[in-house]
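Me: I would like to learn how to read a protein model. Please take one feature at a time.

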Amino acid sequence: MGFITLTTPIADYMPIAGYTQHMCRNRAMAVWLFVIAAMVLAMVILGGLTRLTHSGLSMVDWRPFTGWFPPFNESAWQVLFEQYQKFPEFREKNPDMTPAGFKSIFWLEFLHRLWGRLIGLAFFVPWLVFFVRRWVNRAMLIRYAIIMIMGASQGVLGWYMVKSGLIDQPDVSQYRLAAHLILALFIYGYILWVALTLWQNTEFIISWSRLSLGAGLLVILVFSTAFSGALVAGLNAGLIYNTFPLMDGKFVPDGLFDMKPFHVNFFENITTVQFNHRVFAEGTCIACVAFWLYARRQAISDSLALAMKWLGIVVIMQVTLGILTLVMAIPVSLAVIHQSGAVVLVGCSIWVLKETMVCMK
């Protein structure tokens with residue numbers, strides 16, 4: 001099939017004793033990163049719950065360094081409630097809300113932000129220990145810096161998203177929501193990539209082949225599907241056309257390109273946005289099946305076969321969940337599971353891509 005070899009396994013040029021110690025250190029750091037990735041997954045679940053329960057605009061300010069603690073007395077709660085009453089969500093959606101009702105939405109958003117801070121702490125403290133103990137070489141230092149920069153950027157982007165719902169309309173911008181989710185998926189995927197690199201004790205890229213190029217295209221398709229799903233969520237486009245496979249009795253509904261200019265339809269026309277998400281989801285499923293059929297004809301490792309098996313299972317579950325969520329008019333429980341499934345699918349696609357690069361027979 002032919003490979004373009006870019007680097008070689010570490011074991012090829014390191015003495016056995018040093019390699020064993022190096023591998024143990026790398027696997028310890030890999031486990032730590034797998035835990036961080038799981039925390040990011042939990043963060044996405046919390047974010048989905050926050051959005052679906054309309055809790056995200058309950059905190060109208062952002063204190064990244066001092067916002068670790070919630071209110072401890074009724075006077076502090078009253079101050080926060082009065083601040084909330086000044087913004088569009090209270091005036092237009094919740095004019096009858098009581099302080100008790102405010103607390104119920106506040107806690108979820110507070111937990112979402114607190115969990116983000118805890119992820120930062122869970123990343124930085126062990127990293128500092130590894131750095132002091134000289135486990136981190138220059139190449140890994142760069143990768144850890146990338147993770148830290150993306151994590152900090154995610155906090156800023158989250159507040160930028162919330163601000164869009166505190167101005168005129170009590171809804172966040174679908175563009176900012178989509179960017180917030182996609183950056184979370186990038187962070188999750190990159191952490192998994194680095195963790196797998198450490199666990200396998202390999203360099204960042206071993207080889208490219210037709211199979212790995214196909215896996216790379218799958219990753220792009222999975223991210224594109226997730227982005228289109230975020231637009232659906234941001235526009236509440238899942239609340240219309242709650243049938244499958246037809247939309248208003250048609251495979252291709254009317255009104256796909258009613259908005260002007262033309263390109264706006266792909267981001268702001270709720271009919272087009274839902275249609276695109278359906279097409280991307282169906283395309284992802286078909287592409288995964290085609291990739292699996294192609295890979296069966298190649299000499300692949302057991303680990304790659306396992307990764308592909310899980311990719312197939314997750315994509316089928318994700319499509320099924322998406323259909324159920326749609327036809328049942330977006331129940332919170334199914335919608336959260338569906339969003340979580342998108343993160344798991346990203347992880348599986350990254351796993352497959354990594355295996356195609358380093359685990360070929």
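Reply: Start with accessibility: a residue is buried under 20% relative accessible area, exposed over 50%, and partly exposed in between (1.4 Å probe, protein chains only). This is a predicted model, where local features need pLDDT of at least 70, side-chain atom pairs count only at pLDDT 80 or more, and totals for chains, interfaces and linings use all residues. Residues are numbered from 1 along each chain as its sequence is written, and side-chain values use heavy atoms, with hydrogens and water left out.

Me: Is Glu74 buried or exposed?

Reply: Glu74 counts as exposed because its relative accessible area is 54%. Lys103, at 22%, is partly exposed.

Me: What does Lys103 form with Glu74?

Reply: A salt bridge, which is a side-chain nitrogen of Lys or Arg within 4 Å of a carboxyl oxygen of Asp or Glu. For Lys103 and Glu74 the closest N and O atoms are 2.9 Å apart. Lys103 belongs to helix H4 (residues 99-132) and Glu74 to helix H2 (residues 74-84), so the pair ties together parts 29 residues apart in sequence. Helices (H or I, at least four residues) and strands (E, at least two) are DSSP runs, numbered from the N terminus.

Me: How many salt bridges does the structure hold?

Reply: There are 5. One of them joins Glu109 and Arg113, at 2.8 Å from N to O. Both residues lie in helix H4, 4 residues apart, about one turn of the helix. In general, an α-helix has 3.6 residues a turn, so residues three or four places apart point the same way. Glu109 is buried because its relative accessible area is 4%, and Arg113 is buried at 12%.

Me: How does the span of helix H6 compare with what it should be?

Reply: The expected span of a helix is 1.5 Å times one less than its number of residues. The 27 residues of H6 (residues 174-200) should therefore span 39 Å, and the end C-alpha atoms are 38 Å apart, which agrees. Of those 27 residues, 22 are buried, leaving H6 mostly covered. After H6 comes Asn201, with a positive phi near 55°.
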